[in-house]
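Subject: Handover of a structure and summary of findings

Dear colleague,

Please find below the structure that I am passing on to you. A summary of the findings follows it.

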Amino acid sequence: MPEPVSPSELLDLAREAGRRAGLLLRDGRPADLGVAATKSSPIDVVTEMDIAAEKLITGYLSEHRPEDGFLGEEGGSSAGTSGVRWVVDPLDGTVNYLYGLPQWAVSIAAEYEGEVVAAAVEAPMRQESYYAVRGGGAFRVWAGAAPEKMRCRPAAPLDRALIGTGFNYVARVRTAQAALAQRLIPQVRDIRRSGSAAIDLCDVGGGRLDGFYERGLHPWDLAAGDLIARESGARTGGRPGLVPDGELTVAATPAVFEVLQPLLEDLGAWHD
């Protein structure tokens with residue numbers, strides 16, 4: 001059996017790795033930043049900085065915990081022997097980063113025996129970091145100030161809810177998502193699309209959005225933000241009765257979640 005681990009110790013490592021990667025991405029961004037590869041489509045890009053940031057993160061974490069496993073967006077997966085697996089998105093919001101837009105983040109979650117127990121999201125251009133330990137609440141730090149406890153927004157009806165979402169880079173999928181958003185917009189206050197699921201999930205937890213949904217997310221997109229949102233008092237899920245996954249991820253204040261999740265099911269948000 002794996003040795004028991006301390007979620008707070010895992011959190012400290014996640015936060016420091018995220019801080020270092022955030023500084024690298026912020027201060028090391030070359031003026032002539034280019035595309036190193038593509039992922040799901042020619043417009044879904046990987047930059048040289050994604051790769052450098054992931055190497056920094058995995059190197060730092062491996063130095064301190066060499067027996068842990070990894071699941072990373074750019075580096076694939078590796079098995080460990082400790083029961084701990086790090087789920088890493090070194091640059092969530094790559095297209096924003098490529099264009100010089102500020103909505104991007106470093107997302108790191110620590111799983112123990114398959115369950116996320118610690119999470120850190122670093123958003124350098126916001127001068128904000130977000131973190132949570134399972135059962136210990138979620139916190140936001142702005143510009144080096146003292147941590148503040150995160151709480152989702154008070155209850156609001158759906159027609160007064162600001163909802164975040166994202167769109168896939170595959171044209172066929174994105175077209176279906178746009179059609180669904182067109183049907184949803186008349187039923188909510190408005191829709192926002194930041195380009196970073198990790199930031200959107202933290203914004204649900206921090207009261208800047210009433211809800212968020214997206215189809216097509218990967219574990220590294222949502223693992224850290226999902227825990228932070230839940231520890232802030234939000235509810236998260238996928239299709240009714242299921243956990244967030246690639247079919248559908250939903251996060252919202254409890255009152256909005258009760259209405260938004262079944263509505264998205266009825267609208268077919270889980271399929272193209």
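Is Gln261 buried or exposed? Gln261 is buried, because its relative accessible area is 11% and buried means under 20%. Please note that this is a predicted model. Gln261 belongs to helix H7, which covers residues 254–267. Leaving aside residues up to four places away in sequence, Gln261 is in contact with Gly237, Gly238, Arg239, Pro240 and Gly241.

The sheet

An open sheet is formed by eight strands, in the order S4-S3-S5-S6-S7-S8-S9-S10, and its pairing is mixed. At the edges stand strand S4 (76–78) and strand S10 (148–149); each has a single partner strand, so one side of each is left without a neighbour in the sheet.

Strand S5, residues 84–92, is mostly covered, with eight of its nine residues buried. S5 runs parallel to strand S3 (residues 69–72), and four bridges join the two. In this pairing, Gly72 is found opposite Val88 of S5. With strand S6 (residues 105–112), S5 runs antiparallel, joined by seven bridges. Here Asp89 is placed opposite Ser107 of S6.

Further along the order, S7 and strand S8 (residues 128–133) are antiparallel and are connected by six bridges. Val121 stands opposite Tyr130 of S8.

Helix H6 and the sheet

Helix H6 lies across several of these strands, namely S3, S5, S6, S7, S8 and strand S9 (138–142). The helix runs at about 95° to S7.

The second largest pocket

The second largest pocket holds about 380 Å³ of space. Its lining consists of 20 residues, and those nearest the centre of the pocket are Val116, Leu222, Asp226, Val243 and Pro244. Strand S7 (115–123), helix H6 (219–231) and strand S14 (235–237) are the elements that each give two or more residues to this lining. Which element gives the largest share of the lining? That element is H6, with five residues. In composition, the lining of the second largest pocket comprises eight nonpolar, five polar and seven charged residues.

With kind regards

Methods. Residues numbered from 1 in each chain as written. Predicted model: local features only at pLDDT ≥ 70, side-chain atom pairs only at ≥ 80, totals over all residues. Heavy atoms only, no water. 1 Å grid on protein atoms, 1.4 Å probe; cavity = no way out; pocket = protein on both sides within 12 Å on 5 of 7 lines; lining within 4 Å. Points joined across faces, edges and corners; volume = space filled by probe spheres on them. Nonpolar A, V, L, I, M, F, W, Y, C, P; charged D, E, K, R; others polar. Buried < 20%, exposed > 50% of the residue type's maximum accessible area, 1.4 Å probe, protein only. Pairing = 2+ DSSP bridges. Contact = heavy atoms within 4.5 Å. Axes fitted to C-alpha atoms, helices over the stretch in contact; angles between N-to-C directions.
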